[in-house]
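This report walks through a structure chain by chain, then turns to the contact between chains. Please keep the sequence and the model open while reading.

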Amino acid sequence: MNTATARLSLSSLRAHKRRFTGTFTAVFLGVAFLAGTLLLGDTLKASFSSMFGNAAAGTDAVVRSADTITTPGESQGVRSPVDTELVRRIEELPQVAAAAPGIQGAGQLIGKNGDPVGGAGPPTLAGNWIADPQLNPYQLAEGRAPAKSGEVVVNRGAAKSGGLKVGDTTTLRTPDPVEVTVVGLATIGGADGMGQVTFTGMTQADAEKYLTPNPGEASSISVRAGPGVEQQELVRALAPVLPAGVEAITGQESAEENTDYISAQFLDLFTVFLLVFSGIALLVATFSIHNTFTIVVAQRTRENALLRALGASRQQVVGATLIEAAAVAVLASAAGLLGGIGIALGLQALFPAIGFPFPEGDLVITAMAMVLPLLVGIVVCLGSALLPAVRAGRTAPLAALRESQVDDSGASRRRAVLGGALGVLAVGITLTGVLVTPSLWLAGTGAVLALVAFVVLGPVASSRAVRILGGPLDRLRGVTGGLARRNALRSPKRTAATASALMIGVAVVGLFTVFAASLKATMDQTVSRSFAGDVAVSAPAFGAGGSGLSPRLAPALADLPEVETSVGLGRGVAEVDGAGRQLTVTDPQDLARGFDLGTVDGSLGTLGRDGIAIARDEAGDRGLAVGDTTELAFTDGNKEPFTVRAVFDRSELAGDYVITREAWAPHRAQDSDTLIAVTFKDGVTAADGRAAVEQTAAAYGDPEVQTRDEYAESSAGGIDMMLTLVYALLALAVLIALLGIANTLTLSVHERTRELGLLRSVGQTRAQLRAMVRWESVLVAAFGTAGGLALGGFLGWILVKASDGASDSAFAFALPPLQLSVVALVGLAAGALAGLRPARRAARLNVLRAIATE
Amino acid sequence: MSTMTDIAAAARVVDAVKVYGAGDTEVRALDGVSVDFTAGRFTAIMGPSGSGKSTLMHCAAGLDTLSSGSAFIGDTELGALDDKRLTLLRRDRVGFVFQAYNLLPTLTVAENITLPIDLAGGRPDREWIDALVDVVGLGDRLHHRPAELSGGQQQRVAVARAFAGRPDVVFADEPTGNLDSRAGEEVLGLLGRTVRQMARTVVMVTHDPVAAAHADEVVFLADGRLVDRMAAPTADKVLDRMKAFDGRTGTPSAAARAQGGPS
């Protein structure tokens with residue numbers, strides 16, 4: 001390669017800027033999204049870290065119980081409380097300036113409008129307001145500290161979203177409703193809140209009363225060192241006074257733990273989630289870019305042949321094309337980095353505006369967040385251009401003498417055979433991985449192979465598919481439709497490549513749509529199979545949020561004349577044979593009335609103080625049967641043997657391990673139920689029963705009372721929220737695919753200039769010409785959408801079946817016809833949209849210039 | 001309709017002026033041309049490169065607009081029509097045969113022939129089309145694609161298409177320019193036969209005296225003006241006429257002015 005080649009390719013780039021706007025935009029969007037994601041992740045992590053650092057700045061050591069029980073799916077774990085008496089002994093140490101107990105539990109505020117505040121993921125916390133401002137992670141921003149029972153300080157973010165002001169009176173669910181008056185607003189580390197976590201601070205007496213089962217217990221003790229005492233020194237000094245099972249860590253360690261926790265719980269997930277979508281966007285971009293270069297190289301056949309005839313080497317022709325690609329790649333990626341900074345800044349500003357109080361902080365620009373997207377952008381662009389460039393190098397010098405020809409060859413036999421083999425292999429591997437020997441790896445490999453097979457088979461399928469999809473066009477749109485269809489059929493490879501980008505976008509949309517519908521169907525199936533009550537009482541919560549239901553509500557409902565049984569399910573944790581497990585705490589004798597447990601061996605009525613009921617699968621795994629004994633270790637360090645008195649089939653709602661409330665009482669923390677199943681007496685109408693339940697529940701924080709169907713639907717509520725977010729993110733990939741279609745069409749229109757001129761001169765109106773180009777676009781989009789839906793449906797099926805194999809509960813597979821039709825319509829509309837600009841350009845064509853011979 | 005066009009001009013231009021560019025670069029491709037193209041006749045427009053013959057055809061056919069003066073197809077003044085009406089007029093009342101690239105590669109021969117009628121959403125007159133196909137002699141090729149035909153055959157299809165909608169007038173722009181002499185002869189013979197046997201009107205631009213000899217009349221253009229008309233032309237007569245006026249006006253400056261109008 002020499003300077004002449006470089007000059008040639010750069011001047012050609014300048015001359016044909018338009019051709020590359022599509023490529024530029026595709027790379028730009030992909031890189032911008034990737035860079036924005038990385039930047040936002042780094043920035044949020046840094047902001048949270050500095051927030052926790054600030055909040056814990058006055059705390060030099062934290063004393064807490066050493067043991068945690070972590071159940072699967074929970075990263076922080078549950079600790080047993082420490083004795084508040086310890087505070088006095090700690091304060092006596094000469095190295096200690098101050099110490100304060102911290103009592104923490106769940107407490108959900110009711111906002112001004114009667115709706116609960118928060119609870120859609122992040123925890124809703126309540127605790128004692130620590131008087132020492134340096135030990136208290138929260139600072140008073142307005143008002144005063146709580147002085148008497150019923151007074152609370154609320155973090156400013158929670159107050160804002162609940163519409164609460166200083167002086168307002170509201171309800172705090174702990175989960176028993178407590179009447180509270182807001183006397184102050186607080187900030188943490190300068191932010192209005194710790195993300196969306198809500199915090200309500202009350203007096204220590206109130207906190208002990210409502211948040212702990214036993215007065216005199218605290219979650220942890222915060223300690224401040226005296227002047228000149230290092231944190232490490234303080235921790236060493238504390239050790240001798242601490243009883244067994246209690247530990248001290250430095251304030252710094254505690255802040256780091258908090259940062260790690262929020263990273264693991266939320267930030268990492270958030271970042272990975274966004275990265276997956278930028279990956280999809282870039283994959284789609286690869287197809288668009290590849291297609292553009294293929295067409296550009298084809299259109300330049302004569303030029304390249306001339307170069308070869310004049311003595312340019314193959315490498316020089318390849319080099320010239322690659323230099324063009326590199327120039328576009330570098331420019332677009334660099335612009336993408338700027339775009340990424342813009343996206344990160346925009347999101348940082350947007351999140352607080354939509355009530356997502358991320359801590360403030362300057363944008364953190366790390367080398368990684370800049371270099372990685374830049375490299376990815378360049379590699380994607382150059383990689384996509386590589387094959388077309390090599391093809392350009394193969395141009396025969398003789399081609400200069402021929403009329404330039406578009407590659408309108410159909411798909412080769414080899415392609416059909418290879419694609420077919422890949423497809424069979426994909427289905428085979430998938431079926432093996434899903435049905436024969438359930439394995440996520442096999443299923444995943446099958447999914448990837450299916451994607452590859454679809455892309456390889458694209459050109460094979462495109463001719464037939466376009467012929468079928470375009471069939472109605474001939475009849476409906478006459479010659480205009482017929483011409484559009486034949487134009488789409490002209491180059492099966494090009495049509496397939498253009499459609500591939502959209503196909504992948506639609507496939508991912510389809511995959512999520514199918515998976516979400518299946519999840520909902522699964523929830524529905526779970527509820528209809530396992531929920532035997534007439535109404536469900538629940539405090540809608542998602543993730544760690546919410547405060548649950550008062551454990552006193554279920555007995556209160558049972559006393560109603562309309563109610564036959566009322567069973568509440570509470571939650572506890574314990575280590576069963578050394579592994580942390582969720583326990584269901586309930587009144588087992590009534591359990592089978594409110595929930596369908598399937599076949600029950602033994603008796604649920606006789607669990608008593610030392611009995612346990614276990615789900616059959618879990619019992620099987622552990623080799624336990626009725627009459628066997630297993631040991632449970634609780635958070636308070638106590639270990640007790642429990643005898644298996646019952647084994648039941650369905651654990652979907654009831655959980656794997658069931659113990660009685662008496663058995664749990666000695667080990668309990670803040671008590672709450674998550675769900676109450678109520679059955680009515682014979683002769684009580686649904687409406688009457690429900691009204692009675694609602695009336696009673698109103699006094700217990702007014703939780704939701706739902707019929708079985710309503711309960712099933714609200715359990716699936718979080719899925720719709722996630723799906724909306726996924727759709728919003730996938731819009732980017734679909735947008736890039738559309739740009740690809742538009743770009744290809746523009747290039748095709750350019751290629752067919754003279755043909756269009758001829759059509760116009762023999763009487764095609766501009767409107768007919770526009771319609772012709774638009775319909776071609778719609779046809780290509782229809783092909784991509786159809787392929788995408790088929791692929792997405794298949795991938796969704798794989799995911800559902802793989803999840804089914806990987807989890808204990810049975811997954812239902814559902815194809816939602818309505819949503820999938822909407823996806824199909826959106827795909828077609830998108831095609832029409834993509835065709836708008838090329839159609840307009842084509843219609844602007846000057847007839848005379850178009851038909852002028854060279 | 002035919003009685004009316006028998007006596008009237010199928011197309012005409014009056015004081016046609018076409019100016020490209022402005023100021024120093026101004027080129028007058030047409031400089032006050034008035035000419036009638038009589039219905040039912042085959043007229044050839046001849047002239048050296050840059051004489052304005054292609055511009056005259058484009059303006060008379062409604063492909064281009066005049067700077068001043070007027071152009072008529074039948075009684076319709078083209079200058080009064082907007083793009084949409086002009087397109088419809090071309091579709092319904094004018095036929096075209098170009099030098100090259102006359103057919104849509106995606107359509108079959110039959111579909112190419114009926115394209116203007118299909119664009120209009122009309123129903124082709126089967127008898128007329130069959131008669132045309134007979135005259136053109138492509139009955140056995142109707143379902144072939146253009147790529148499967150020779151250049152001469154393609155041009156014959158283009159001629160059939162131009163006449164398919166029974167237009168008032170067919171304009172042919174160097175229809176034999178890309179063909180060898182034998183294929184060219186076939187196409188010219190076809191144009192002449194169609195005019196005489198089927199009473200159609202053809203206006204053909206050419207620089208080839210042999211081609212012009214197939215016409216009923218030749219009009220000569222030079223430097224954007226009408227300089228002569230010749231009835232019952234033969235190749236020799238046309239060649240002589242051309243030579244004569246090459247001597248008179250064939251200056252380098254005349255060729256230099258060609259830049260504005262395609263030839």
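## Domains of chain A

The centres of domain 1 of chain A and domain 2 of chain A lie 53 Å apart, taken over C-alpha atoms. The model is predicted. The domain assignment of chain A places domain 1 at 59-251. Domain 2 is made of 461-532 + 713-854, and domain 3 covers 551-699.

## A helix pair in chain A

Two packed helices are described by the angle between their axes and the distance between the axes. Here the pair is helix α2 (residues 21-55) of chain A and helix α7 (residues 251-299) of chain A. Their axes are 8 Å apart, and the packing angle is about 175 degrees. Angles over 145 degrees count as roughly antiparallel, so α2(A) and α7(A) are roughly antiparallel to each other.

What classes of residue make up the contact of α2(A) with α7(A)? The contact has 17 nonpolar residues and 14 polar ones.

## The surroundings of A:A158

A:A158 sits in helix α4 (residues 156-162) of chain A. Is A:A158 buried or exposed? It has 27 C-beta neighbours inside 10 Å, and so A:A158 counts as buried. The cut-off for a buried residue is 20 or more.

A:P123 is 35 residues from A:A158 along the chain. The C-alpha atoms of A:A158 and A:P123 are separated by 12 Å.

## Chain B in outline

Chain B has eleven helices and ten strands. Of its 263 residues, 48% are buried. How far apart in sequence are the contacting residues of chain B? Among contacts between residues at least 6 apart in sequence, 71% join residues at least 24 apart.

## The six-stranded sheet of chain B

Six strands form an open sheet in chain B, in the order β6-β7-β8-β3-β9-β10. The pairing is mixed. Strands β6 (94-97) and β10 (225-231) of chain B are the edge strands, and each pairs on one side only. On average, neighbouring strands of this sheet are turned by 20 degrees against each other, direction ignored.

Strand β7 (residues 169-173) of chain B runs parallel to strand β8 (residues 202-205) of chain B, and four bridges join them. Within this pair, B:A172 has B:M204 in β8(B) as its bridge partner. Strand β3 (residues 42-46) of chain B pairs with β9(B) in the parallel sense, also over four bridges. There, B:M46 is bridged to B:F220 in β9(B).

Strand β9 (residues 217-222) of chain B is mostly covered, with five of its six residues buried. β9(B) and β10(B) run antiparallel and are joined by six bridges. B:E217 stands opposite B:A231 in β10(B).

## The four-stranded sheet of chain B

Another open sheet of chain B has four strands, in the order β2-β1-β4-β5, with antiparallel pairing. β2 (27-38) and β5 (76-77) of chain B each have a single partner strand, so one side of each is left without a neighbour in the sheet. Strand β4 (residues 68-73) of chain B pairs with β5(B) over two bridges, in the antiparallel sense. B:I73 has B:T76 in β5(B) as its bridge partner.

Helix α2 (residues 53-60) of chain B lies across β1 (9-20), β2 and β4 of chain B. α2(B) runs at about 120 degrees to β1(B).

## The contact between chains A and B

How many residues does each chain bring to the contact? Chain A gives 22 residues and chain B gives 25. On the side of chain A that touches chain B, the elements giving two or more residues are α13 (471-490), α22 (753-761), α23 (766-806) and α25 (847-851) of chain A. α13(A) gives the most, with six residues.

By class, this side of chain A has eight nonpolar, eight polar and six charged residues.

Terms used: Residues numbered from 1 in each chain as written. Chains lettered and ligands numbered in written order. Predicted model: local features only at pLDDT ≥ 70, side-chain atom pairs only at ≥ 80, totals over all residues. Contact = placed C-beta atoms within 7 Å. Nonpolar A, V, L, I, M, F, W, Y, C, P; charged D, E, K, R; others polar. Pairing = 2+ DSSP bridges. Axes fitted to C-alpha atoms, helices over the stretch in contact; angles between N-to-C directions. Parallel < 35°, antiparallel > 145°, perpendicular 65-115°, else oblique. Domains from an automatic or database assignment. Buried ≥ 20, exposed ≤ 12 C-beta atoms within 10 Å, placed from the backbone.
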